[in-house]
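I opened my notebook to look up salt bridges. My notes follow the structure below.

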Amino acid sequence: MSIPVKVLCAIHLGKEVLSSDGSLTILHDISFDVFDGESVAITGASGSGKSTLLGLLAGLDTPSSGHVELVAQNLNQLDEDGRAKLRGQKVGFVFQSFQLLPHLTALENVMLPADLNGMGMAKENALACLEQVGLSERANHFPTTLSGGEQQRVALARAFIMKPEILFADEPTGSLDEVSGNRVIELLFELNRANHSTLILVTHDQALADRCQRQLHLQGGRLL
């Protein structure tokens, strides 16, 4: 039996920010491991630190204490360019607000990570990804002409074009109606299985959290 491979380690993570009242602690001493191929949901009430934690895990923000090891690299030892390069090669993202570039077509949005990372056959791969999410006929449409569910499916295609080792998703169904949200959830897990990716997502949706193999619950910035 093969030994599970750690793809992410959070080690005594803390995050403090300055506020008008002084220092505010958002996260307290968070430690856990995530293994290759796992699906993990981070849950908790609004203000519990979920999105802050996701940002630290992905190297989008730096911790006040502790560190993150992402695919065996200590993010604290990388500068901003180094973290960006690692994300470009190993990580995919899906956000609640889609984060599509409005002046690019659906196809161009999906191609963007491939172009930035010098991937060959970017257009062909992007078209294949759009077909996987059922949007090949909308390839030349701009985001403003797409529904919310269609925009999130474009975002899914963009997230998976580089076949990421880890996919981070921040409230991926938070701004969608139930039907569109369910379609996105099914595609998210389907693409994740097909790409053998590790999935780490933040959600308020208990039904979505229950689809994951493991749940990490935050309360007041602490891991329960």
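Is Arg 211 buried, partly exposed or exposed? I looked it up: Arg 211 counts as partly exposed, at 35% relative accessibility. Buried means under 20% relative accessible area, exposed means over 50%, and partly exposed is in between (1.4 Å probe, protein chains only).

Ground rules first. This is a predicted model, where local features need pLDDT of at least 70, side-chain atom pairs count only at pLDDT 80 or more, and totals for chains, interfaces and linings use all residues. Residues are numbered from 1 along each chain as its sequence is written, and side-chain values use heavy atoms, with hydrogens and water left out.

Next, I searched the whole structure and found six salt bridges. A salt bridge is a side-chain nitrogen of Lys or Arg within 4 Å of a carboxyl oxygen of Asp or Glu.

Entry one. Arg 211 forms a salt bridge with Glu 186, with the closest N and O atoms 2.8 Å apart. Glu 186 is in helix H6 (residues 178-195) and Arg 211 in helix H7 (residues 206-211), 25 residues apart. Helices are DSSP runs (H or I) of at least four residues, strands (E) of at least two, numbered from the N terminus. Glu 186 is partly exposed at 42%.

Entry two. Lys 15 pairs with Asp 61 in a salt bridge, closest N and O atoms 3.4 Å apart. Lys 15 sits in strand S1 (residues 6-19), and Asp 61 in the loop between helix H1 (50-57) and strand S4 (65-70). I found Lys 15 buried at 11%, but Asp 61 partly exposed at 32%.

Glu 165 and Lys 90 meet in a salt bridge at 3.0 Å, N to O.
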